[in-house]
Amino acid sequence: MTKAEIVNEIAKTTGIEKASVLAVVEGLMTSIKDSLAHGENVYLRGFGSFIVKQRAEKTARNISKNTAVIIPAHNIPAFKPAAEFKKEVAK
């Protein structure tokens, strides 16, 4: 399902015009991205959590040149679904 399909579905079920729904969906995504960029987790009860995971520094290999490359520690975004959400998907 794409963002456009989500907007169409919400507009159809709520009766709100698509432009307004799109603005709300875009605003939600922007808020989540901004929070994660500032190291803050986002918790949506019954749905899941958008969290920032920290990856430690590690050594990798460039097999074409046969050299070691150090990958610095960095943060990555992750999603952890709620238990209720997992049960729904498992059905």
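**View 1. The lining of the largest pocket has eight nonpolar, two charged and no polar residues.** Here Ala, Val, Leu, Ile, Met, Phe, Trp, Tyr, Cys and Pro count as nonpolar, Asp, Glu, Lys and Arg as charged, and the others, Gly among them, as polar. The model is predicted: local features need pLDDT of at least 70 and side-chain atom pairs pLDDT 80 or more, while totals for chains, interfaces and linings use all residues. Residues are numbered from 1 along each chain as its sequence is written, and side-chain values use heavy atoms, without hydrogens and water.

**View 2. The largest pocket holds about 220 Å³ of space.** A pocket is an open set of points on a 1 Å grid over the protein atoms alone where a 1.4 Å probe fits, with protein on both sides within 12 Å along at least five of seven lines; lining residues have an atom within 4 Å of a point. Grid points are joined across faces, edges and corners, and the volume is the space filled by probe spheres set on them. Among the lining residues are Lys 3, Ile 6, Met 29, Lys 33 and Phe 47. Helix H2 (18–37) and helix H1 (3–14) each contribute at least two lining residues, and H2 gives the largest share, five. Helices (H or I, at least four residues) and strands (E, at least two) are DSSP runs, numbered from the N terminus.

**View 3. Strands S3 (residues 58–62) and S4 (residues 67–71) pair in the antiparallel sense over five bridges.** Pairing requires at least two DSSP bridges between two strands. Arg 61 has Ala 68 in S4 as its bridge partner. Four residues separate S3 and S4 in this hairpin, and Asn 66 in the turn has a positive phi of about 55°.
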